[in-house]
Amino acid sequence: MEVFWYIYIFVTGLVLGSFYNVAGLRLPKGESLVHPRSHCPACGYTLGAWELIPVVSFVLQRGRCRKCGTSISPVYPFFELLSGLLFVLSYHTIGFSWELLAALLFVSMLLIITVSDLSEKIIPDKVLLFFVVPLALLRLTAAPLDPWWDAFLGGAAGFVLLLLVAVVSKGGVGGGDIKLYGVVGLLLGLSGMFLSLFLAAAAGLVIGLIGMKTKGWGRKTEVPFGPFIALGAVTVYFAGETLIELYASWIQALVMFVFL
Ligand SMILES: [Zn+2]
């Protein structure tokens with residue numbers, strides 16, 4: 001029976017992931033989620049039911065539009081697959097509880113804002129508002145952190161911290177990033193929020209340096225920070241405790257090495 005749940009949750013993640021692609025691409029442009037129906041961006045051909053099956057249709061069509069042969073971006077199946085895997089990881093780590101609902105809402109929000117920030121460099125308020133309400137309610141009632149106010153402290157601190165970063169960096173992070181960090185703090189609590197910001201900044205720095213070396217990015221290159229926030233937040237949500245333990249044991253090893 002256990003296998004059944006894994007498959008069910010994976011498939012749900014795939015199907016929702018394909019919707020998150022659409023939401024992430026259309027919401028920042030102010031377009032409707034349902035109209036027009038999914039179509040080939042090159043020839044306008046409306047996709048049939050069989051062509052809407054996540055990942056599978058991409059593989060069967062070898063990544064091309066059936067009508068005009070234009071290649072379809074592998075970004076679509078990538079995010080569908082990522083969504084399915086994050087759903088399974090959530091269930092595997094948490095099992096059936098209210099926290100699972102919080103986790104699924106959280107990864108869903110992060111997937112949508114990653115797509116929209118990558119495509120349009122916008123984190124839509126609509127998306128954040130849609131998710132922050134149930135997440136705050138869960139943290140207040142059925143899925144609290146310990147102590148319960150840690151979530152709200154983390155959320156407030158995340159918001160203020162990113163606001164300060166925005167002021168200091170003069171536009172390095174945008175309004176969407178600031179609001180997003182409020183939600184991240186709500187899920188992770190104060191210490192998790194700090195750790196995730198450290199990871200996001202470190203990942204951003206590494207990618208930034210690689211971009212400068214290989215793609216000639218300069219000071220003016222706008223790199224969306226949302227995907228890095230999502231990466232840091234997901235890492236801490238699922239592996240935060242392990243990371244902190246690792247860090248503590250490294251420090252311990254370092255201290256022993258220096259003093260003995
Ligand atoms: Zn086409």
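**Figure 1. Domain layout of the predicted model.** The chain is divided into domain 1, covering residues 1-96, and domain 2, covering residues 121-260, and the model shown here and in every other view is a predicted one. The C-alpha centres of domain 1 and domain 2 are separated by 26 Å, and across the boundary seven residues of domain 1 are in contact with seven residues of domain 2. Eight helices and zero strands are found in the chain, so that, read from the N terminus, the order of elements is α-α-α-α-α-α-α-α. The radius of gyration is 20 Å, close to the 18 Å that the globule rule gives for 260 residues, and the chain is therefore as compact as a globular protein of that length. The C-alpha trace spans about 70 × 55 × 40 Å along its principal axes.

Figure 2. The zinc ion has as its protein donors the SG atoms of Cys40, Cys43, Cys65 and Cys68, which lie 2.3 to 2.4 Å from the ion. Along the chain, these donors follow the spacing C-x2-C-x21-C-x2-C. For reference, the ideal angle for four tetrahedral donors at a metal is 109.5 degrees. Both Cys40 and Cys65 are buried.

**Figure 3. The largest nonpolar core and the surroundings of Val184.** The largest nonpolar core holds 54 residues, and those that touch the most other members are Phe106, Met109, Leu110, Leu135, Leu180 and Val184. At least two residues of this core come from each of helix 1, helix 3, helix 4 (98-120), helix 5 (125-140), helix 6 (150-169), helix 7 (175-215) and helix 8 (226-259). The core also draws at least three residues from each of domain 1 and domain 2. Once neighbours within four places in sequence are set aside, Val184 is in contact with Phe106, Ser196, Ile229 and Ala233. In the chain as a whole, buried residues make up 40% of the 260 residues, and among contacts between residues at least 6 apart in sequence, 66% join residues at least 24 apart.

Figure 4. Leaving out residues up to four places away in sequence, Ser116 touches Gly24, Pro28, Lys121, Ile122, Ile123 and Pro124. The C-alpha atom of Ser116 lies 14 Å from that of Ser32, a residue 84 positions apart from it along the chain. Lys121, one of the residues touched by Ser116, lies in the loop between helix 4 and helix 5 and counts as partly exposed, at 46% relative accessibility. The phi of Lys121 is near 55°, a positive value in a residue other than glycine.

Figure 5. His35 and Pro36 are joined by a cis peptide bond whose omega is about -10°, and Pro36 is located in the loop between helix 1 and helix 2. A further cis peptide bond runs from Asp146 to Pro147, with omega near -5°, and Pro147 has its place in the loop between helix 5 and helix 6.

Conventions. Residues are numbered from 1 along each chain as its sequence is written. This is a predicted model: local features need pLDDT of at least 70, side-chain atom pairs count only at pLDDT 80 or more; totals for chains, interfaces and linings use all residues. Side-chain values use heavy atoms; hydrogens and water are left out. Donors are N, O and S atoms within 2.8 Å of the metal (3.2 Å for Na, K and Ca); water is not among the atoms, so sites may look incomplete. Buried means under 20% relative accessible area, exposed over 50%, partly exposed in between (1.4 Å probe, protein chains only). A nonpolar core is a set of buried Ala, Val, Leu, Ile, Met, Phe, Trp, Tyr and Cys residues joined through side-chain atoms within 4.5 Å. Helices (H or I, at least four residues) and strands (E, at least two) are DSSP runs, numbered from the N terminus. Domain bounds come from an automatic or database domain assignment. Contact means heavy atoms within 4.5 Å. The radius of gyration is taken over C-alpha atoms; the globule rule is 2.2 Å times the number of residues to the power 0.38.
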